[in-house]
Amino acid sequence: DFAELLRIAAKFHNYSFGNVMLIALQMPGATRVAGFHTWLKLGRNVRKGEHGIRILAPCVGKAKASDDEETPDDAPEGTQTAPRRMFFKAVPVFDISQTDGEDFPEIARKLDGDDEIGLIRDMWCGIAAAGLTVDVDPDHAHGEANGCYVASEKRIWLSNELSAVHTCKTIAHELAHHFAGHGDKDCHDTRGERECVAESAAYMVMQAYGIDSGAYTFGYLASWTEDTKVLKAKAGEIFAVARQILSL
């Protein structure tokens, strides 16, 4: 179930944890969702009779002013002010499978052997954008690790014996350590918690590019924890970290 949640979250990494859960509960197979009018702008129509996926949208409005509310001293004479408030309301969105219309061009993002889409280049640019450097010197190897984040030196070490796909996944993993603040002095997470966050976020990043690293990821996660409470407790942090990497 956690694997399925991450797969769905990778498709909707700009959505909040709560809205990802709502999409997953109502339509686990959803791939692209948008509002009714957004689909119209994209040249597609929601089919008659389709039921929307309900998510929560933030709204800002004025609260009703009560009779005993005081008006600020500097307010113009005869005016009364009301505080603004934040609230959420349920709004419908629809998956592309519920629409008809113009087809979207498909972008080939699946890596099969060679890095045909330049993902490694983008990952290296992401490292630079995060203010980190890369070290591939085999003499700096950290045991049998595929990579390592050295927070004190703002450096990521990478094994030069990895495939293109595994290199990209490892970079995402080490970037996740960085954005999660795992090298900070005030980080009190256990090693298992840190590895669960980093590897889960890396899985989401790879999924966003159409690459399934599950054969490696879930065995790795199982080696660090058998307690699903850890995964549930860290889900929001995992989503936030993956979102930061994907925005680089």
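A: Start where helix 6 meets helix 7: R191, G192, E195, C196, E199, S200 and Y203 of helix 6 touch G214, Y216, T217, F218, Y220, L221 and W224 of helix 7. Contact here means heavy atoms within 4.5 Å. Helices (H or I, at least four residues) and strands (E, at least two) are DSSP runs, numbered from the N terminus. The contact of helix 6 with helix 7 holds seven nonpolar, four polar and three charged residues. Ala, Val, Leu, Ile, Met, Phe, Trp, Tyr, Cys and Pro count as nonpolar, Asp, Glu, Lys and Arg as charged, and the others, Gly among them, as polar.

This is a predicted model, in which local features need pLDDT of at least 70 and side-chain atom pairs count only at pLDDT 80 or more, while totals for chains, interfaces and linings use all residues. Residues are numbered from 1 along each chain as its sequence is written, and side-chain values use heavy atoms, without hydrogens and water.

The axes of helix 6 and helix 7 come within 9 Å and cross at roughly 165° (axes are lines fitted to C-alpha atoms, for helices over the stretch in contact, with angles from 0 to 180 degrees between N-to-C directions). The two helices are therefore roughly antiparallel (over 145 degrees; under 35 is roughly parallel, 65 to 115 roughly perpendicular, the rest oblique). Helix 6 passes helix 7 in a left-handed crossing, the near helix being turned anticlockwise from the far one by less than a right angle, whereas clockwise is right-handed.

Helix 6 (residues 191–208) also packs on helix 8 (residues 228–246), with axes within 8 Å and a crossing of roughly 50°. That makes helix 6 oblique to helix 8, and the crossing is right-handed. From helix 6, residues including C196, A201 and M204 meet residues of helix 8, among them L231, F239 and I245. This contact has 14 nonpolar, one polar and three charged residues.

Helix 8 is crossed by helix 5 too, at roughly 115° with axes within 9 Å, so helix 5 and helix 8 are roughly perpendicular. Here A172, L175, A176 and F179 of helix 5 touch V241, Q244 and I245 of helix 8; six of the residues are nonpolar, one is polar and none is charged.

Next comes the second largest pocket, with about 380 Å³ of space. A pocket is an open set of points on a 1 Å grid over the protein atoms alone where a 1.4 Å probe fits, with protein on both sides within 12 Å along at least five of seven lines; lining residues have an atom within 4 Å of a point. Points are joined across faces, edges and corners, and volume is the space filled by probe spheres set on them. Of its 22 lining residues, G147, H173, R191, E195 and Y220 lie nearest the centre.
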